Amino acid sequence: MIWVETIVNGTLYGGLYGLLGVGLALIVGVMRVVNLSHGEFIVLSAFIGVSLVGAVPWVHPLLLIVPVAVIAFALGFGLQAVLINRVVTRPDPFAAILLTFGVAVVMRNLMVEVFGADPRTLPAGRLAQASAGVFGLHVGVLPIIILALSIVLFTGLQLVLTRTRFGRIVRATADHRDVVRLMGVNPGRVYNVVMGLSLALASVAGMLLAMRSSFTPYSGVERLLISFEVVVLGGLGTFWGAMLGGITLGIAELVGLRFDTNAGPLYAHLLFLIGVLLRPNGLFRARS
Amino acid sequence: MKAARWLIAMVGAVVVIAAPWFVGEGALRFLSEAMLMLAMAQMWNLLAGYAGLVSMGQQVFVGLGAYALFFASISLKLAPFWVLPLAPILCAAVAAVVALFLFRLREAYFAIGTWVFSEVVALLISKTERLGGERGIGLPTARLIGAHWLEPLTFWISAAIAVGAVAGTYALLRSRVGLGLMTVRDNDVAAASIGVDVWRNRFIAFVLSAAGCGLAGAVSFTATLYVAPSFAFDPNWVVAMMFIVIIGGIGTLEGPILGVVIYFALRELLTVAFGLTGGWYLVGLGLVAIATMLFEPAGLWPLLRARLGGEWLSVRRHPPARAEAP
């Protein structure tokens with residue numbers, strides 16, 4: 001029974017990991033850029049959330065996800081427009097990696113100086129403790145809400161990219177950056193919006209994760225590694241793969257913690273390394 | 001010309017050997033740190049600037065080198081510097097094994113793959129009680145070296161490692177392997193089509209770089225007499241290596257030398273002269289690195305060389321003079 005419960009909880013937790021990674025998967029798919037400051041933006045949005053909770057304590061933190069996501073969208077748009085678009089067209093594939101790594105180091109240390117290095121959490125009120133019994137299994141209400149929200153966002157992203165005019169433009173830009181210019185599309189602007197979306201999704205995950213476990217300015221590193229593992233395990237460019245990758249990692253982590261209480265993310269990392277060894281193109285990549 | 005080079009080398013060696021008698025203890029420690037940082041930065045430069053491999057996990061070799069030295073020195077009850085060769089050997093062996101699967105990842109994926117590997121090793125070591133767990137271990141065998149000799153010895157070895165890293169990289173790049181690395185970096189399809197073994201050249205660079213970082217890491221932690229996972233596997237090691245190389249000039253041998261000077265000058269300026277905390281110092285360093293990436297992606301050395309002229313440590317080969325047409 002306890003194992004079933006662990007696997008159910010791992011699945012719920014893993015949905016959140018999938019959400020952490022899907023933003024990264026989006027920008028990798030569209031502009032072939034890995035944003036190494038992804039983790040720092042996840043942590044920053046949690047800090048913004050904590051500040052907002054302090055400012056408007058009568059609003060439930062779950063509702064504050066909306067303004068935080070809007071702020072994160074603006075930050076992503078600005079990051080892309082001001083910095084990354086200047087290097088994204090360079091032939092050197094490392095320019096964007098090194099640039100975003102510089103951004104990550106600056107942000108991490110600024111957050112230490114501004115918010116302090118103490119662990120924080122986002123209070124979720126009574127919801128955090130509430131649990132529901134489903135056929136004798138005890139499952140937290142908050143994790144179920146989190147998984148449901150993740151699935152809604154995944155579906156929404158999928159629909160936007162496959163069914164709308166904007167989605168068509170994004171996919172066309174991803175395939176042929178230079179050809180879309182002939183159709184009057186400015187790839188730089190598309191990238192700005194895509195980076196905004198990526199960080200907005202990451203900020204939702206960052207807020208939800210902050211309700212489940214504590215964070216410090218240094219947590220960005222771990223968040224980035226998990227996001228990245230989700231992208232690689234899921235297989236590049238497939239969003240549902242990212243979701244499955246996240247769930248796999250979530251289960252690995254919680255099962256690992258069952259028999260080794262201070263393991264931390266060790267087993268998720270080990271699973272990732274083994275996954276890379278066996279299937280370097282991702283576990284769930286569509287065979288096309 | 002050749003005689004002048006030998007003369008410079010001899011004078012340099014005399015200055016390094018005599019330095020501990022003329023320089024204060026604090027300054028000596030500072031110089032040792034700078035020398036080791038130069039060696040590590042040069043190792044990172046070999047990977048990123050020549051082999052096309054950006055590693056975010058080189059700190060794993062810094063830490064493994066340190067732990068190899070501490071563990072061997074304590075178990076064998078030998079003075080730390082006697083077991084120093086074990087550090088690069090262990091790191092090279094580990095690098096050779098992990099290369100087999102990390103090399104399946106490309107570009108950014110390789111970068112973060114190495115980082116994940118480093119985290120895994122750090123977590124495993126912090127769970128190993130024999131190695132002190134999260135608390136870390138001290139180095140009681142350092143007492144086998146006289147107290148007056150530890151600092152000068154560390155300095156001499158650090159200087160030798162720094163010179164060895166620069167000269168070794170120079171020699172490697174002038175060799176067949178180096179030529180192969182640079183052709184792969186500049187055009188991997190063309191390189192493969194003329195028979196350059198891309199995988200093998202990268203493998204050699206990765207293993208050598210790991211050995212160099214392990215050696216420098218082992219000496220670095222011998223100087224502090226204490227090692228713990230949070231310091232040994234600190235990502236700030238690779239942050240420092242990267243910033244030194246980017247600011248100085250990636251893919252040049254002189255770049256890391258210039259970068260180390262700027263790195264430590266900036267650190268002393270911000271933390272000592274302006275009294276800022278280490279956090280603000282890293283913010284400043286990050287901003288300088290971002291500006292370099294945006295405006296001068298080749299780093300500062302190419303600018304300086306254009307002013308100074310000359311070949312310096314260029315590994316360029318000159319084509320043979322063309323025969324006169326009959």
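## A tour of chain B

Start by selecting chain B: its radius of gyration (taken over C-alpha atoms) is 20 Å, which agrees with the value near 20 Å that a compact globule of 326 residues would have. That globule rule is 2.2 Å times the number of residues to the power 0.38. This is a predicted model, where local features need pLDDT of at least 70, side-chain atom pairs count only at pLDDT 80 or more, and totals for chains, interfaces and linings use all residues. Residues are numbered from 1 along each chain as its sequence is written, while chains are lettered from A and ligands numbered from 1 in the order in which they are written.

The C-alpha trace spans about 75 × 45 × 40 Å along its principal axes.

The contact between them takes 32 residues from chain B and 32 residues from chain A, with two residues in contact if their C-beta atoms, placed from the backbone, lie within 7 Å. On the chain B side, select α5 (107-126), α11 (236-248) and α13 (278-295), which each supply at least two residues. The largest share, 12 residues, comes from α5(B).

Finally, pick B:Arg317, in the segment after α14 (301-308) of chain B. Is B:Arg317 buried or exposed? B:Arg317 counts as exposed because it has 9 C-beta neighbours inside 10 Å; the cut-off for exposed is 12 or fewer, with C-beta atoms placed from the backbone.

Conventions: Helices (H or I, at least four residues) and strands (E, at least two) are DSSP runs, numbered from the N terminus. A residue is buried if 20 or more other C-beta atoms lie within 10 Å of its own, exposed if 12 or fewer, and partly exposed in between; C-beta atoms are placed from the backbone.
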